[in-house]
Amino acid sequence: MNLRRPVIKRAVAVVAVAGFVGGLAVTPVGVSADSVVKQAAEGKTKPAVIDIGGGKTRTLQGISPGTLAAARFVGSPSDIREEEADAANPQDVSQLAVSQGTLGCHARNTDSNVRVNQDCTFRRQAEEIIKINPTDSRNIIAGQNDSRIGYNKCGFDFSFDGGQHWGDGLPPFYQRENHPELDGPTASNKNKNTIAGGAGTAHTYDAGSDPAETFDSAGRAFFSCVVFDVNTNASGVLVTQSPQGAGGSFYDNVSARGRAFVVVEDNSGTVFHDKEFIAADSFAGSPNRDNVYITWTVFFFTAAGDFLSSPIYASMSTDHAVTWSTPEEISGASTTLCFFGNFFDKTRSPNACDFDQGSDPQVLPNGSLVVPFNNGNTAATNPNAQQLAVVCHPSGSSAAGTAHLNCGAPSKVGDDVTVGEPLCNFGRGPEECVPGPFIRTNDFPRIALDDANANLVAVWQDYRNGEYDIQISSSTNGGHTWEEGGTVNPDSGFDHYMPAVGVGSAHRVAASFYNSDRVPNENVIPTHPANVCGAAPPNNHCFQPGDPGVQKENSSYWLAGGRAGDENETPFTALRISPLFPPPDGIQAGFNGDYSGLAVTDLTAHPVWSDTRNSAVQTSPTQGVVHDEDVFTVSHAIP
């Protein structure tokens with residue numbers, strides 16, 4: 001998703017409020033009868049914009065680009081291509097890189113990296129996560145958005161040799177039918193795993209996005225995904241487990257009906273679920289050992305489709321993801337950090353921190369949970385966004401219906417400087433982007449724990465230096481207070497974005513991120529006709545293909561390491577770990593995921609990312625792209 005701006009950026013926010021409140025003006029936006037996510041994906045709804053005076057605006061955050069990209073392919077028949085079972089000639093056959101003795105096409109142009117997804121299609125895999133089994137460091141799991149079977153789903157990967165070879169698959173989510181009317185409290189399950197309730201579609205979900213995963217202390221793997229329809233308002237969050245010993249090679253079935261492995265689901269135009277991450281308590285001495293936690297963003301709308309709020313919600317399981325507690329809003333309120341919380345919904349607190357996206361939970365050895373997230377409830381005098389975090393003290397039993405997160409008020413992790421960030425139009429109006437590769441991006445925070453001393457580090461991108469750079473902040477008291485440390489990447493003159501973070505032994509912090517060449521005059525956003533930018537004057541400023549350098553600049557993926565003993569000492573030492581690769585093109589243009597991943601064991605980092613090094617074999621009909629997005633990893637010492 002996308003949360004930022006001198007603004008609060010919400011790509012799906014629809015505002016029907018006009019006029020001034022406390023000197024603030026809001027732009028009214030119309031709504032069609034389509035589902036919330038379809039309207040957003042097709043650009044029929046525009047971001048809600050608050051005019052904070054002085055020529056400055058704040059655009060509210062919206063549904064994550066990963067979810068919108070998935071919805072776009074489901075909703076637009078022109079984007080769905082046929083694929084041949086056979087290549088056109090023997091030369092094409094050799095280019096497919098199919099080989100016996102391997103699972104799929106793992107050897108397709110690895111360039112000293114390891115290809116993680118094993119499918120032989122030329123369909124996109126992007127938006128990655130990676131985790132290491134605490135009971136066996138050679139067992140690594142990964143996940144990504146995966147469109148190998150057509151509509152975008154979530155895909156999983158597994159390795160039992162430290163990431164040198166991989167298997168993969170799709171989780172058993174897609175026979176699940178939408179039934180929020182069956183998700184309310186019962187005698188056997190007192191939790192309420194729906195927010196709006198009401199009748200479901202009794203139909204399986206069209207698509208999925210935002211893969212997330214974790215391990216517990218026994219080596220059970222857990223995999224989650226946002227699932228949704230495009231032509232109905234059905235959406236939900238599912239989590240399933242890979243049994244102890246399976247190592248993420250397969251996951252338990254999520255049945256068509258029933259509530260096992262169901263966190264939440266709805267079928268209402270007033271609620272949409274987006275951008276989840278999960279974490280398990282893997283600490284042997286923790287009072288909450290093996291609990292599993294999930295956090296996500298809930299978008300609320302009026303019955304007419306007008307945006308209300310987008311707080312962070314959470315749920316927990318105490319029985320290995322089988323039952324889940326009633327979802328709770330956890331992003332809280334603050335009289336010093338959050339303002340305009342009731343701007344769209346007068347029933348809420350004016351100090352609610354409820355323009356949120358991109359949460360990332362982290363368990364502490366004492367059983368507490370820390371959740372950073374991006375927030376746009378900054379004061380009228382501040383045109384930027386901010387990174388906040390809450391500390392939770394989970395208790396109770398999900399099976400008994402007594403589980404609660406017990407989260408405190410948020411603290412500030414750091415500033416998210418959004419003023420000056422480039423904007424592109426991907427069919428929905430101007431939104432945050434990296435012009436060189438012409439892809440959407442976001443400022444979501446990522447968090448990691450130093451197991452040796454329980455210190456925390458968080459990283460994110462922002463535009464404080466007149467380019468996208470990676471920022472870092474640390475906490476030495478369990479997430480209650482934070483101190484920013486400066487810019488991680490040692491170089492300038494490039495865009496650095498979508499970071500991940502991990503901490504190894506000797507307090508060595510590792511960060512990984514994309515690096516792209518900047519376009520000429522990137523800090524001066526071009527003016528185009530309203531139909532080109534999808535916005536009327538004075539907001540018709542955007543980068544588009546055809547502008548100098550746009551969708552023409554190369555990118556790469558980098559790994560950086562900090563010095564031992566000081567998580568906040570910057571800049572880090574960095575090195576490039578991927579080949580240079582061109583911008584996404586064809587039907588994959590505009591998107592390379594919402595995040596990348598990094599896991600660390602001892603002093604070895606295992607980053608995971610997607611890139612376009614592979615060219616699609618040209619068959620008839622064509623594959624729809626020239627360069628295909630695949631997922632890669634490498635095992636490398638922290639620099």
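## Charges over rings

Lysine 346 lies over the face of phenylalanine 343, 5.6 Å from the ring centre. A second case involves arginine 108. It sits over the face of phenylalanine 122, at 4.2 Å from the ring centre.

## Confidence

This is a predicted model. The protein chain has an average pLDDT of 89, and 88% of the residues score at least 70. Residues 1-32 have a pLDDT below 50. Even so, that stretch has 167 contacts in the model beyond near neighbours in sequence. Residues 75-90 also have a pLDDT below 50. Here the model has 26 contacts beyond near neighbours in sequence.

## Nonpolar cores

In soluble globular proteins, nonpolar side chains tend to be buried together. In this model the largest nonpolar core has 60 residues. Phe228, Val239, Val263, Phe272, Ile294 and Trp296 have the most contacts inside that core. A second, separate core has 30 residues, including Val363, Leu364, Val371 and Cys392.

What does phenylalanine 272 touch, leaving out residues up to four places away in sequence? Its partners are Val36, Val37, Ile63, Thr67, Phe228, Ser235, Thr297, Val298, Phe299 and Phe301.

## Aromatic pairs

The count of aromatic pairs comes to 22. One of them joins phenylalanine 228 and phenylalanine 272. The pair is edge-to-face, with 6.1 Å centre to centre and 65° between the planes. Phenylalanine 228 belongs to strand β12 (residues 221-228) and phenylalanine 272 to strand β15 (residues 271-280), so the pair ties together parts 44 residues apart in sequence. Phenylalanine 272 counts as buried because its relative accessibility is 3%, and the cut-off for buried is under 20%.

Phenylalanine 301 and phenylalanine 307 form another edge-to-face pair. Their centres are 6.4 Å apart, with 75° between the planes. Both residues are buried. Elsewhere, ring pairs link a cluster of Phe156, Phe158, Phe160, Phe173, Tyr174, Phe223 and Tyr251.

Strand β29 spans residues 456-462 and is mostly covered: 7 of its 7 residues are buried. Leu456, Ala458, Trp460 and Asp462 point one way from β29. Val457, Val459 and Gln461 point the other way. The buried set therefore includes Asp462 and Gln461, since the residues on both sides are buried, with buried meaning under 20% relative accessible area.

Strand β28 (residues 446-449) runs antiparallel to β29, joined by 4 bridges. Alanine 448 has valine 457 in β29 as its bridge partner. The two strands form a hairpin with 6 residues between them. In that turn, alanine 454 has a positive phi of about 65°.

Strand β30 (residues 469-475) is also antiparallel to β29, with 7 bridges between them. Leucine 456 stands opposite serine 475 in β30. β29 and β30 form a hairpin with 6 residues between them. Glycine 466 in the turn has a positive phi of about 75°.

## A three-stranded sheet

Which order do the strands take in the open sheet of 3 strands? The order is β25-β26-β27, with antiparallel pairing. The edge strands are β25 (423-425) and β27 (439-440), each pairing on one side only. Strand β26 (residues 430-434) pairs with β27 over 2 bridges, in the antiparallel sense. Within that pairing, valine 434 has isoleucine 439 in β27 as its bridge partner.

Note on methods:
Residues numbered from 1 in each chain as written. Predicted model: local features only at pLDDT ≥ 70, side-chain atom pairs only at ≥ 80, totals over all residues. Heavy atoms only, no water. pLDDT = per-residue confidence, 0-100. Contact = heavy atoms within 4.5 Å. Pairing = 2+ DSSP bridges. Buried < 20%, exposed > 50% of the residue type's maximum accessible area, 1.4 Å probe, protein only. Core = buried A, V, L, I, M, F, W, Y, C linked by side-chain atoms within 4.5 Å. Phe/Tyr/Trp six-rings, centres within 6.5 Å; stacked < 30°, edge-to-face > 60°. Lys NZ or Arg CZ within 6 Å of the ring centre and 35° of its normal.
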